[in-house]
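Have a look at the chain first, and then we'll go through it topic by topic.

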Amino acid sequence: MKINLQNHKSIHYLAISFSFLLLFILQNNGYSQCASINCDGTTASGLYSSAIGNGNSASGNYSFAGGFNSSAEGTASFAFGNRVIAAGATSLALGRFLRTNTSPAIVIGTGYDIDNPLINNIPNSFMVGFNSNLPTFTVSDSWGINRTGRIGIGNVTDPQAKLHIRADEGEDANLLLESTSANKSAVIMLGENHQIAARADNDLLFTSSESAGFAFENGSFRVGTAEQPQQISLHGSINAEGLLATAFGEG
């Protein structure tokens, strides 16, 4: 079997040249600076832990810390960013001025500053917030297998409904459904037969199934504003089931 020594030498030189080129690229991108530990105050003291960057600490077993002045203290925790702390086991902190204090927990985003971090103290939860010490979005834990958690929007860390929205002080709690073009915006309940829907420059439609009506409980019914109420009259009769046989008419 013949071996082309000239081609073999060419491949060898090419491999060496590529290795030097790769090393040069890594150096110029900063990756040559301490790939694991002891880099400008960075330490990895936990069992099988890793740390990279400046001033970071991976003290939890199997933990990872990276970025700047960040700390992974919990077992199998992950902390990466600017002054973030993953204190709980199997917790994750990713961003700036963040902290997890429990296990397991996830927090992503940015706190307000180093003295007002965004902290996740809720086990089995996912928290997101930006430029604040309060979360904008929280996913709670579920009750176990074949169950799902709840979502809180605003400073809601213990949602009381599948979707719980809370406004800030002095802010309206609005839910905007914005359609495009002539498409419909709708709140659909129990399927298409029960919904409140609207299109641009059209009526607001209340839809119920044929076997059901519209009920107003524990309150009064008014048309118009409180300052200028509008009178209405009923045209038709009441059927045997006590339901209106015809629609409302203006009076």
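Leaving aside its neighbours within four places in sequence, which residues is alanine 89 in contact with? They are Gly74, Thr75, Thr102, Ser103 and Pro104, where contact means heavy atoms within 4.5 Å. Bear in mind that this is a predicted model, so local features need pLDDT of at least 70 and side-chain atom pairs count only at pLDDT 80 or more, while totals for chains, interfaces and linings use all residues. Numbering runs from 1 along each chain as its sequence is written, and side-chain values use heavy atoms, with hydrogens and water left out.

**The chain as a whole**

- The protein chain has one helix and 20 strands; helices (H or I, at least four residues) and strands (E, at least two) are DSSP runs, numbered from the N terminus.
- Of its 251 residues, 21% count as buried. Buried means under 20% relative accessible area, exposed means over 50%, and partly exposed is in between, using a 1.4 Å probe and protein chains only.
- The accessible surface of the protein chain is about 17800 Å², and 55% of that belongs to carbon and sulfur atoms. Such areas come from the Shrake-Rupley method with a 1.4 Å probe, and for residues only the protein chains shown count as cover.
- Among contacts in the protein chain with a separation of 6 or more, 1% are between residues 24 or more positions apart.

**Strands that pair up**

- β2 and β4 pair in the parallel sense, over five bridges; for two strands to pair, DSSP has to find at least two bridges between them.
- Alanine 51 has alanine 65 as its bridge partner in β4.
- β4 is also joined to β6 by five bridges, and these two run parallel.
- Further along, β15 (residues 195-198) and β16 (residues 204-207) run antiparallel, joined by four bridges. Glutamine 195 has its bridge partner in β16, namely threonine 207.
- The hairpin of β15 and β16 has five residues between the strands, and aspartate 201 takes a positive phi near 60° there.

**Stacked rings**

- Searching the whole structure turns up two aromatic pairs. Rings of Phe, Tyr and Trp (its six-membered ring) pair if their centres lie within 6.5 Å; planes under 30 degrees apart count as stacked, over 60 as edge-to-face and the rest as tilted.
- Tyrosine 48 and tyrosine 62 form a stacked pair, because their ring centres are 6.1 Å apart and their planes are at 15°.
- That pair links distant parts of the chain, 14 residues apart: tyrosine 48 is in the loop between β1 (43-44) and β2 (50-54), and tyrosine 62 is in the loop between β3 (57-58) and β4 (64-68).
- Tyrosine 48 is exposed, at 66% relative accessible area, while tyrosine 62 is partly exposed at 49%.
- Phenylalanine 64 and phenylalanine 78 are stacked too, since their ring centres are 5.2 Å apart and their planes are at 20°.
- Phenylalanine 64 sits in strand β4 and phenylalanine 78 in strand β6, so the pair ties together parts 14 residues apart in sequence. These two are also bridge partners.
- Both count as partly exposed, phenylalanine 64 at 26% and phenylalanine 78 at 31%.

**The nonpolar core**

- In soluble globular proteins, nonpolar side chains tend to be buried together.
- Here, the largest nonpolar core has 12 residues, including Ala51, Ala65, Ala79, Val84, Leu98 and Met127. A nonpolar core is a set of buried Ala, Val, Leu, Ile, Met, Phe, Trp, Tyr and Cys residues joined through side-chain atoms within 4.5 Å.
- β6 and β7 are the elements that give two or more residues to this core, and β6 has the largest share, with three residues.
- Alanine 86, one of the core residues, touches Ser71, Ala72, Phe78 and Ala93, among others, not counting residues up to four places away in sequence.

**Two residues to look at**

- Alanine 89 is in the loop between β6 (78-86) and β7 (92-100), and is partly exposed at 27% relative accessibility.
- Alanine 89 and alanine 76 are 13 residues apart in sequence, with their C-alpha atoms 6.0 Å apart in space.
- Serine 125 belongs to strand β10 (residues 125-130) and counts as buried, because its relative accessibility is 7%.
- The side chain of serine 125 reaches the backbone oxygen of isoleucine 122 at 2.6 Å.
- Not counting residues up to four places away in sequence, serine 125 touches Pro104, Ala105, Ile106, Asn120 and Val139.

Technical notes:
Polar contact = N/O pair within 3.5 Å; in protein donor to acceptor, adjacent residues only side chain to side chain.
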